[in-house]
Structure formats: C-alpha cells, structure tokens
Amino acid sequence: MAKILKITRRNFLSSAGVGTGALVLGTTVGSSRVFAFAEEAVTPPLTPNVFVAIGRDGIVTLISHRSEMGQGTRTGLPAVVADELEADWAKVRIVQADGDEKYGSQNTDGSRSIRRLFTPMRQAGATARTLLEQAAAKIWEVDPAQCKAQLHEVHHEETGRSLPYGELVAVAADLPVPEEDRVKLKKRKDFRYIGKSLPIVDLEDMVTGQADYGADVQLPGMLTAVIARSPVVGGTVASFKADRALEVPGVRKVLPMAGGGGLGGGFDPLDGIAVVADHTWAAIKGRDSLEIQWKEGDNASYESEAYREAIEASSRKPGTIAREIGNVEEVFATKARTHEASYYVPHLSQAPMEPPAALADFKDGKCEIWAPSQSPADAAKEVARALELDPSQVTVHVTLLGGGFGRKSKPDFILEAALLSKQMKAPVRVQWTREDDVRHGYYHAVSAQYVKAAVGDDGKPVAWHHRSAFPSISATFNGTSDRGSAGELSLGLLDLPFAIPNLCLESCEAKAHVRIGWMRSVCNIYHAFAVGCFADELAHNASVDPKDYLLGLLGPNRKIDLAAQGVEYGNYGQPIEDYPIDTGRMAAVVRLAADKAGWGKKLPKGRGLGIAVHRSFLTYVATVADVSVTDKGKLTLHDLHMAVDCGTYVNPDRVRAQMEGGAIYGISLALRSAITARDGAIEQSNFHDYPVARIQDTPQNIHVHLVENEHPPAGVGEPGTPPVAPAIANAIFAASGKRIRELPLLEGDWLRQA
C-alpha cells in the first residue's frame, strides 16, 4: 500500500528522482493547466500546490498539501490522483508539503479538501496518464488511441505489448503537455480507488507509536518553554518576580511575552511570562513558582450567568434583518395560535487530544518551524510579520495533528515559539498544557436564540421569526463586531430550508469578552439545535408525527434561490449552481434515517426516538437518536442512525469514520461540555470539569447510511455533528415528555431540570 515518506519539501525533488529522468507534474487550484518539467529539472514550479513525480524506478511520489489529523486527507487526495493515473497503490509514496503560498490554500478546515480539489486532482492524474500513453505510442510508433494505461503499465491492445511506467518517464518528460480538452477523465464505472475503502497511509505509524506529532520533534540544543498567560483575555502583566522560578533546576530564563493578543489581536499571542528550560517538567515547575500581578483590563467583569441574561434579552429585541419573506408581525397580529421558545448553548472549546505545541529554530535571519498546523502557509505569513522577515525566510513543516477541530488553524502558539527562539538564540519548543488550551483558547461562541411561529388550523407554520444572538468571530480580529456576520448566519440560519410563506431571520447584539474562533461545525451547532428542536415542538403541538411534520416543513422538492430573495449567502465558498440548497435531497435523508431506525415501531415506556436534519458544508445529514430515560432522569443513548448525502465520496471508510467521530463530538457537546467565565476568567481547566463523552455516554451502535449519487463531492469532517444534539433532545422528549432547550443536557449523570 501507499506509504508516507518522512522527508521534507527540500529533499523531495531528489527523493522523487528529479534530475535523473523523472516526470514531474503540478496543478494549480483554480486553473486547469498542468505543467510538466523536463529531464534535468532542478527548480520546483512557482505556483503549484500538488506535485506528481514518477521516477525511473516506477515509484510515484505525491505531495499532499493539506494537514492530516486522522481524517484521511493524506490518503484521499493522493488516491484521487492515483486513480486517474492508473497507479499501483503499492508503488505510491506520499510527502507532506511545507507551508508555502505556491500551493494555494492549505487551510485544512471547512470540510473542503476533497470538494475543492477533487477535479484538479483528477485532472493532474489523468494528464500524467495521458503523457505516459503518448510516450508508449512514440516508442512503439503507434496511434496513442491504441495505448491504454492500466495498473502502472501502458498496454498496446493490438499487439499485447506493455511497458511499465518507469521505462516511459524519460520520453514522457519531453512531450508537450496535452491541453485539457485532450485529456479524458475516467468514467465512474472505471474508478479503481475512488469510492472504495482504503486504509489511511498513516495508520501503522499511528497505532504503533511511530507517528510524529507536534511535541515529538527534537533538535540538538533545543529548549522548552511554557507560558503564564493572563486569566482574563486582554490582560497584561503589572509586575512579576522570577526568583523562585529561576531556582528550579533546568530553568534557563524567564522572559516577558508582549504578544498583543486579545480582542482585536487576531492570531497574536496573549501577553504573559515565558519560562524557558531544558525540559518540559522544569518549565512547568518554574511557571508554578512565578509571582505575577495582572492588570486584567476591561473583560474582568465577564461572568457567564449575567452574560446569558443579557444575550437572551437581546434575542427578544429587534435585531438586524438578514432574510425576510412576507410579514411575520402582521401574521402574529392576526393569528391566535402561536408558539415560542428560547434556546441556549454555552461557550465550547475545541479540546483536541493533543494540546498545541510548536518548535521553532531562528538563526541566520531565517526561521524554521515544526508544528501541527491546520494552516501552515498562513502560519508562515504570521511568523514573517511578527519577526519582520520576508515570508520566503520562514519554513513551516507540518507534523501529524492529534486532533484539530479548528484550534490549530490559529497560529498563536507557533508565533510564541518563533519569538522565543529569536530571543533565546536557540531552538525553542512552546508546549501548551491541557489547562492552557482550555483556559486560553479561541472559544466557540455562546448563543441565545429566540424562535416564534404562528400556525394555521392544520398545525403548519405560516410565519417563523428567528433571532440569533452570539458574539462574532470577527471581534477576535477587529475588536468591535457586536453581532454575527452574514458568513456566520449562513451556517444553518440563512439557509433555513422550510417552506413557510412568512419568514424573518435576525442577528442580535452580542459583544465578545473572550477570543471567539471557529470550531468543528461552527455556528451550525447552535442553529441546528434551535431549528431542530423547535420543529419537533411544533410537531407535538400539532399532534403530528415529528418525521412527517419535518417532511411537511421541507415542502415540495425544490432548489432554494436565496439570491432572488436578496440574501447574502456564502454557500461554503462553492457556486450555488453546483451545490444548490436542495430540499429533495434533505427529505431523502430524513426518510432513509427514519426507515433504518425503524421509525414508528412500538417502544417500551421511557424510550423514544428523536429526529433532526441539517445541511452543512454542502452535505445533508439526518440523525435519529434512540434513547431511554428513567423516572429519575438517567439517560441511556442506545443507537444513532445517520443518513448522509455528501455527493460523490472518495473513501467510504473515512466518510463513515468522520460521521462516527462527528457524532461522538456532537454527543460531547450535547451532554457534558460547557465553558463558563467568572470575573473574566475561564472556570474550566481539564477533562474533569470540561468533560468529553465517556464510554457510558456513547451509543452501542452508530449506523452510518451513505447515499450514492453523482453529485459533486461535499464536506464530511463537520456535517455529522450539528443534528446530533437536537436529535437527542427530541428523543428525550419522546421518551420522557421533558423538553430540552439548553446545552449541555446533563448535570453529572442526570438530566438538567427544564
């Protein structure tokens, strides 16, 4: 099978055989042009983001420019290239790209690696295959149409002759690159790897402990640093004493860190005091010995309960209208039957299993970095800015990520390592502890939502008014935003798919007092929770089966045109023509999940099914939760059924794994996780008070049912999470009659009192 080579970008060309007759290809996202480099080429192209190299030994070397954190991108993207190339997977080697603008976007977030790169990668592989077929035709002096690549060889159908790829690359490298319209992509029926399950190439290293994560990289003479940061975001050091810290064996130096981070500080590090030592334990013990007085600043009064009251009050006041159809207020004035509810979701932390860590080596006016980064090119830019270097003087090597969920898209921890290395004139690894990560991160926004509907005699809504109040991610960068942006509202609210004649969606005031950042599924989490639960409430008020009511809300199969309604909608960065909001596909996953879960079956007392559906990252997911609740509020989650329409998928094993992981993540957020603040400081510190789902919280089975179709590929890393919480909440109501309107659902092992 394909393997990961532990080599860097700098020696890729030599390891791939370039300069000895190898064929090297690259492709630029956004352009169909594929460039070939002739024999003896020694300079890499200036703008490509993925390279294909075929050596004279027949080994195919591929560069993967997205970060691997268990989701399988270092397998999926190369598999697409290898499929069109007709490469033998056993002869494929994969190299992790460094951060570099020439690769285009390297942001491994937003569930977009496959959907953005599927066609360019196919084109790259098909172009290489075409060149090899043309090379064989030239050698045999036959029509290229008679030559066909198949599993690392080119065959001449008429004579039965064949040549392995390695014997063709020298000739192929001298051929002109065919125009795109001369390159034929495979038909779906001929896919060799696409649509088939492949084990991820990093699996053996991961399970045997050989994989290199951020904290595993070692350099001669390296030092380790931990940093004491203000408990209140934006706080600064008033004074400190380092005497006791410097007495700890192994501590080398104590340095002020004037990072400038906080609200409006973007990715800049938070101010604090760094303890630099020979090893991590000494650095931690030294930090524990510091005596620091903090000037806490304007956010010292931040307190979660008071803030909740404020944003809940804000959600009940008129906000900024983001989408409107008809006139909801006129309908409310004339309709006697209305229903309203408020929903609350607290701050959340990404909490990856691997806390942030980065190793930097600044010397000779250059900075070299090793880090588990989701966005290495952006990290390189930020380091260059902080150190006043040209971006070409910064290299970011990407290690495996032990989870990311959006946290490692922010390079503040990488900047800390770079700044300290420059001061110490030595390699420095900055190590965050779990407590650092929970207390000083970029949090998922707290949210209060108010929803009101007017219903007709048949119980169906004729008006829907939805207000959403949450502090914006924008405040992290400009410090002034006081409500959700259009981009954030596009994540599960503006694209409300229900067929309702009168609709008003609003964004309400909510100022930030901690750093807000993206987390897996982003605003879809709280929007899906409110929409999914409120739909269930309306169904029960109307005495209609919740699944049937949900299908009725979706209405006739259609594609929703938000542009025609004057709505600013980002559609996850993809053309709406290619990825429309399709209620037919949404209804189909509702029916599939319900059917697979045995919807309508007789259940014992205290047991119930709940359903929710959501479109996020261009994928449609319906989830049915099967739960039981005892008279004393003890919750058991028996099964989850997830129906998933993500269009064309590359590796079904990874899709199922991502959906299972997304479900577990959603269960954590639904049942146990909450970040709260008192006197401006985050109260939680580790998994004892910011718990993730335990074994007893998880279902015995998570059933993932994939829809097969030929729609363009959509995201899979995040869409599994949003419908989980509302499905569980709705199932709890079906089992116990208890309505859930806030997260997390549990206090210890018991349901919250509603």
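Is lysine 381 buried, exposed or partly exposed? Lysine 381 is partly exposed, with a relative accessible area of 38%. Keep this in mind for the first view of this predicted model.

**View 1. Glutamate 101 meets lysine 381 in a salt bridge.** The closest N and O atoms of the two residues are 3.5 Å apart. Glutamate 101 sits in the loop between β6 (92–96) and α3, while lysine 381 belongs to helix α10 (residues 376–387), 280 residues apart. Glutamate 101 counts as exposed, because its relative accessibility is 55% and exposed means over 50%.

**View 2. Aspartate 268 pairs with arginine 385 in a salt bridge.** Here the closest N and O atoms lie 2.7 Å apart. Aspartate 268 is in the loop between β12 (251–257) and β13 (272–277) and arginine 385 is in helix α10, so the pair ties together parts 117 residues apart in sequence. Aspartate 268 counts as buried at 18% relative accessibility, whereas arginine 385 is partly exposed at 44%.

**View 3. Arginine 287 and aspartate 436 form a salt bridge between two helices.** The closest N and O atoms are 2.9 Å apart. Arginine 287 lies in α7 (residues 280–288) and aspartate 436 in α12 (residues 434–439), 149 residues apart. Both partners are buried, with relative accessible areas of 15% for arginine 287 and 5% for aspartate 436.

**View 4. A look into the second largest pocket.** This pocket has a volume of about 750 Å³. Its lining has 21 residues, and Arg129, Thr130, Glu133, Cys147 and Lys184 lie nearest its centre. The lining divides into seven nonpolar, three polar and 11 charged residues.

Conventions:
Residues numbered from 1 in each chain as written. Predicted model: local features only at pLDDT ≥ 70, side-chain atom pairs only at ≥ 80, totals over all residues. Heavy atoms only, no water. 1 Å grid on protein atoms, 1.4 Å probe; cavity = no way out; pocket = protein on both sides within 12 Å on 5 of 7 lines; lining within 4 Å. Points joined across faces, edges and corners; volume = space filled by probe spheres on them. Nonpolar A, V, L, I, M, F, W, Y, C, P; charged D, E, K, R; others polar. Salt bridge = Lys/Arg side-chain N within 4 Å of Asp/Glu carboxyl O. Helix = DSSP H or I, 4+ residues; strand = E, 2+ residues; numbered from the N terminus. Buried < 20%, exposed > 50% of the residue type's maximum accessible area, 1.4 Å probe, protein only.
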